[in-house]
Amino acid sequence: MTSTLYRHGVVHTSADPFAEALLVDDGTVAWVGADDTADGLVARADEVVDLDGALVTPGFVDAHVHVLETGLALESIDLSPAGGVRSLADALDAVHRTATALPAGEPVLGYGWDELRWPEGRPPTREELDAAGGGAPVYLARVDVHSAVVSSALSHGAGLDRLPGWSFDGRVEREAHHAARDAARAVSPERRTALYRRALEHAAARGVVSVHEHSAPAIDTRAGLVELLDLTADARGGLPHLVAYRGELCVTVDDARELLEAIPGLTGIGGDLNVDGSLGSHTAALRTPYADDPTGAGVLYLAAEQICNHLTAVTRAGVQAGFHVIGDRAMDELLVGLGAAVDVEGADAMARMGHRLEHAEMVDARTLAALVLLGVRLSVQPAFDAAWGGTEGMYAARLGAGRAAALNPLADLAAAGVPLAFGSDSPVTAVDPWAGVRAAVHHHAADQRISARAAFRASTRGGWRLAGLDHTGAGELRVGAPAHLAVWRADHLAVQAAEGRFSSWSADARAGIPLLPDLGPDVPPPDCLRTVRAGVVLHDAL
């Protein structure tokens, strides 16, 4: 393997906060230091990269993605404002244009609509999709991908009207949504592989060196997860590293062992094993009803007994368990199940496995204390707050201002010492790690903001830690650590505390705090110039 010397830049490392150069040799960081010392290393390097002031950082880890869904979304209609869709009328126009361009009978797929962002305040109906699509099968996923709207051709072909979660206006959730998704996304093995590659290359182009794939029966197949692990097994394949989770409920330890045998390399059994749904689709399970739907309090998909059995089975099999949990009622149920599993297996055994929760948006003081006591790890998405927080956002519309203000308590979680990793839940929000860091720094609730340094650490080393892989040194740029890194062009570098919060460390650059791009609200985001996994270049724009 070749060696590369990066010099004349800024290296983000705690090993030497004033470092300007870095040597990668045989896939690991061999040296970090000053430019004048780098002069003596030029002759031994196969490649010398003049950074011209660019920043070198540890590569990002996206701790929650759906690779197949992301690939499909990248090739489908973007129904978000970023895709130019700002109304229901825009969405129907986009469906019509796409259906007209596709071969007859080809499904029309779209992702990212949010009725609260449209002046009409509602999603399309089945009849409207029939007209816009000219009779084609149409599947349009809501931004949270926990519900969708479908056309008659799709609903009739899949028999959706016989399944729980079907509405005659074309809205589907729960079992009906799972069936609709399966029917709309039937792809050949060749296209599936191409979609995997596109999604992973997309992540690499954004400085991501590792992703946590959250596979589940309604999202992808077991065989698909095996293929993903094969595609990403070696850095020389040119794709990011992959940590694999499979969301299948286990009743006994034999169930867990069978799954581990079927998917060699599986890190955890869970992830998107749903205790409840989502706030946007009114399916997150709440203690009290939704503010904009007083007759509904969401849906509880798993009971405490099922949660306990799963945790016990997976713990005995020797891997992580994990659950998707958003609403406070769902969290209550999770904690009852977790407590019962602790009674069976013992607190030490449970804590040793480092079981994890995805999202965990509603965490009050009592819940936080229980999570800390039981050694639970959290994978969270700061971009959710940026997208839906604040007094005018979706959270406030669904929950009311009081409950909404308490969502995603990042500072409380960090202060309590809960192990945190940040992710996107792509395609729910984009694979855009700096946007996640920025969202954590500028949280809508001032008392829940965290420093750029803490947010960046949760977006890099935090992902390796949650997967139990931080013992390798991954997530840091120091001698002997794997050379998982990204190179960035940024207009301005700074040390940034959370606005409005006290920091116990100095924000003066002379104090030796490693620099990061300025993440002010009006500052352009950094450009990714190169992404490197174990010394292998995955993305190159230098």
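Helix 10 passes helix 11 in a right-handed crossing; a crossing is right-handed if the near helix is turned clockwise from the far one by less than a right angle, and left-handed if anticlockwise. The model is predicted: local features need pLDDT of at least 70, side-chain atom pairs count only at pLDDT 80 or more, and totals for chains, interfaces and linings use all residues. Residues are numbered from 1 along each chain as its sequence is written, and side-chain values use heavy atoms, with hydrogens and water left out. Helices (H or I, at least four residues) and strands (E, at least two) are DSSP runs, numbered from the N terminus.

Two packed helices are described by the angle between their axes and the distance between the axes. For helix 10 (residues 304–317) and helix 11 (residues 328–345), the axes come within 8 Å and cross at roughly 45°. That makes helix 10 oblique to helix 11; angles under 35 degrees count as roughly parallel, over 145 as roughly antiparallel, 65 to 115 as roughly perpendicular and the rest as oblique. Axes are lines fitted to C-alpha atoms, for helices over the stretch in contact, and angles run from 0 to 180 degrees between N-to-C directions. On the helix 10 side, the residues that meet helix 11 are Ala304, Ile307, Cys308, Leu311, Thr312, Thr315 and Arg316. Their counterparts in helix 11 include Leu334, Gly337, Leu338, Ala341 and Val344. Contact means heavy atoms within 4.5 Å.

Helix 11 also packs with helix 13 (residues 365–373), where the axes come within 11 Å and cross at roughly 35°. The crossing of helix 11 and helix 13 is left-handed. Here Met331, Asp332 and Leu335 of helix 11 meet Arg366, Thr367, Ala370 and Leu371 of helix 13.

In strand 10 (residues 138–142), 5 of the 5 residues are buried, so the strand is largely enclosed by the rest of the structure. Buried means under 20% relative accessible area, exposed over 50%, and partly exposed in between (1.4 Å probe, protein chains only). In a regular strand the side chains alternate between the two faces of the sheet. Both faces of strand 10 are covered, with Val138, Leu140 and Arg142 buried on one side and Tyr139 and Ala141 buried on the other.

Strand 9 (residues 108–113) pairs with strand 10 in the parallel sense over 5 bridges, and two strands pair if DSSP finds at least two bridges between them. Tryptophan 113 stands opposite arginine 142 of strand 10. Together with helix 4 (residues 126–133), strands 9 and 10 make a right-handed β-α-β unit. A crossover is right-handed if, with the strands pointing away from the viewer, the path from the first strand over the helix to the second runs clockwise.

Strand 11 (residues 147–150) runs antiparallel to strand 10 and is joined to it by 3 bridges. Alanine 141 has alanine 148 in strand 11 as its bridge partner. These two strands form a hairpin with 4 residues between them, and valine 145 in the turn has a positive phi of about 55°.

All 6 of the 6 residues of strand 14 (residues 241–246) are buried. His241, Val243 and Tyr245 lie on one side and Leu242, Ala244 and Arg246 on the other, so that both faces are covered.

Strand 13 (residues 208–215) runs parallel to strand 14 and is joined to it by 6 bridges. Histidine 214 stands opposite tyrosine 245 of strand 14. The chain crosses from strand 13 through helix 8 (residues 222–231) to strand 14 in a right-handed β-α-β crossover.

Strand 15 (residues 266–269) is parallel to strand 14, with 3 bridges joining them. Alanine 244 stands opposite leucine 266 in strand 15. The chain passes from strand 14 through helix 9 (residues 253–262) to strand 15, and this β-α-β crossover is right-handed.

An open sheet is formed by 4 strands in the order 4-3-1-5, with mixed pairing. Its edge strands are strand 4 (28–33) and strand 5 (47–50), each of which pairs on one side only. The twist averages 15° from one strand to the next.

Strand 3 (residues 21–25) pairs with strand 4 in the antiparallel sense over 5 bridges. Valine 24 has valine 29 in strand 4 as its bridge partner.

## Proline 409

Proline 409 is found in the loop between helix 16 (401–405) and helix 17 (410–415). This proline is buried, with a relative accessible area of 4%. Proline 409 touches Glu361, Val363 and Gln448, not counting residues up to four places away in sequence. The C-alpha atoms of proline 409 and valine 363 are separated by 7.1 Å, and the two residues are 46 apart along the chain.
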